Amino acid sequence: MGNRFPARDRFADGAQFIDGRLRPGTSGRTHAVVDPATGRDLFTYELAGPADVDAAVAAALAAYPGWAGATPGERSDALHRFAAVLAERATEFAEAESLQCGKPIKLSTEFDVPGTVDNAAFFAGAARHLEGASAGEYSGDHTSYVRREPIGVVGSIAPWNYPLQMAAWKILPAVAAGNTIVLKPSELTPFTSLMFAQAAQEAGIPDGVINIVNGAGADAGERLVGHPDVVMTSFTGSTAVGKRVAEIATATVKRLHLELGGKAPFLVFDDADLEAAVQGAVAGSLINTGQDCTAATRAYVQRPLYDAFVSAVAALMETVRLGDPFAPSTDMGPLISHAHRDRVAGIVDRARGYARVVTGGSAPDGADLADGAYYRPTLVVDAAQDSEIVQSEIFGPVLVVLPFDSDDEGIRLANDTPYGLAASVWSRDVYRTGRATREIKAGCVWVNDHIPIISEMPHGGYKASGYGKDMSAYSFDEYTQVKHVMYDNTAVARKDWHRTIFGDRL
């Protein structure tokens, strides 16, 4: 499988992309990218250290005046060319993404890559439409208007579960608004972020506008967040690490955008379409092997449908095909690593002491998958609301189902975790769904579906799931400075308000 993407040839000059060229890291340490489907090493590279971060920030700082000074139309044209390059290389991006992540090729081909191309096309258009309040004489004697200006050098950190899409979500709104950026992807999955930056360069985006440093969080990540020339940080990852990022950013009074953990409720009322809810629960809990912060993790099912729902979900989960990520028939690939699989398995194994595993709960049988980080689709019932498996983010192919009686109880349980990133509501009653979408505390609430995202709509959380938005025009609020400009219209030297200073001398 290691020959499916020639990483050794592609990144022979190093896995850091700084000021338009690849170079090795200088931390003195190396990292092996491992194929999670086989456990084999794919590529070993030199990790970035603080000196590499400094060089990347310096390149971004040098490129900033030219890129910020480009017209919106010029930035838009470059991003349109970028989207075209991404589309031309769709197959190559999909193969690299599946290889480093272990995700099924049909997911990379039909979800990750098209979503990224669409995101680039969206921000190419959005670059021309930075909105502000209409100019007007709000005080009577002055004309006011609002400018949206880029903020400077952005330092962002992205996770390993959707490396390509996360690179797009961090980079595209930042550069569309006129900023330059240094992105630190996860060191586990460096390939597609580097390819993304190279494609941008080919599209004509100037050197230094987009820089990639692949290094460990304690070295490269903390240096990037704390760098004095970085004015804004966008971080996607766990809530625990997000707290550390916030601590570092606060010391230099940086603007901060956090997209953190999730524990999405899947609320099924007793008038729901049972078949649709079952299909949605299995797909929503198993996408990307459950390694999705918006994945359906807690299904609350009103008691009249509960038994039928559990039975049907278990039966459908048992039909899901685990296998080689590059086989078209594979439905679910491995987890990102054996260490992460062991963590997921540990949570499920501890739950056996207080709950019941209906199906799954183990690695699959068979020698063909034995070397990969595979784990079977898992359904758990009879857990208490305050238990670990209900409250903690598992980030694996595990769904826990609990019953509820009244609508009040269902909504209360849906809100009863520290997280608030996403949720879904299943009912044929528009008043029921309307109430639930109003009262559930989450940044995205789907009705009779779970997971779809679109470039035009914002993505971000409530509570411990963070704050700020990725995607959509709302993301420009993170990457622009709003400036009020006010012109005097009177041409009068002595203003009426000067009385507060000069009193009767006017």
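This is a predicted model: local features need pLDDT of at least 70, side-chain atom pairs count only at pLDDT 80 or more; totals for chains, interfaces and linings use all residues.
Residues are numbered from 1 along each chain as its sequence is written. Local features need pLDDT of at least 70, side-chain atom pairs count only at pLDDT 80 or more, and totals for chains, interfaces and linings use all residues, while side-chain values use heavy atoms, with hydrogens and water left out.

Me: How many helices and strands does the protein chain have?
Reply: Both kinds of element are DSSP runs, numbered from the N terminus. Helices are H or I runs of at least four residues, and strands are E runs of at least two. The count for the protein chain is 17 helices and 21 strands.

Me: Why does the protein chain count as being as compact as a globular protein of its length?
Reply: The radius of gyration is taken over C-alpha atoms, and the globule rule is 2.2 Å times the number of residues to the power 0.38. For 506 residues the rule gives 23 Å. The chain is as compact as a globular protein of that length because its own value is close to that, at 25 Å.

Me: What share of the 506 residues is buried?
Reply: Buried means under 20% relative accessible area, exposed over 50%, and partly exposed in between (1.4 Å probe, protein chains only). In the protein chain, the buried share is 57%.

Me: Which residues of strand β3 are on its covered face?
Reply: In a regular strand the side chains alternate between the two faces of the sheet. Strand β3 covers residues 30-34. Its uncovered face has T30, A32 and V34. The covered face has H31 and V33.

Me: Which residue in β4 stands opposite A32?
Reply: Two strands pair if DSSP finds at least two bridges between them. Here 5 bridges join β3 to β4 (residues 41-46), and the two run antiparallel. Opposite A32 stands T44.

Me: Which residue in the turn between β3 and β4 has a positive phi?
Reply: β3 and β4 form a hairpin, with 6 residues between them. The phi in question is about 80 degrees. It belongs to G39.

Me: Is M471 buried or exposed?
Reply: M471 sits in the loop between β20 (466-467) and α16 (476-479). Its phi is near 60 degrees, a positive value in a residue other than glycine. Its relative accessibility is 4%, so M471 counts as buried.

Me: What is the relative accessible area of S472?
Reply: S472 also lies in the loop between β20 and α16. It is not a glycine, yet its phi is positive, about 65 degrees. S472 is buried, and its relative accessible area is 0%.
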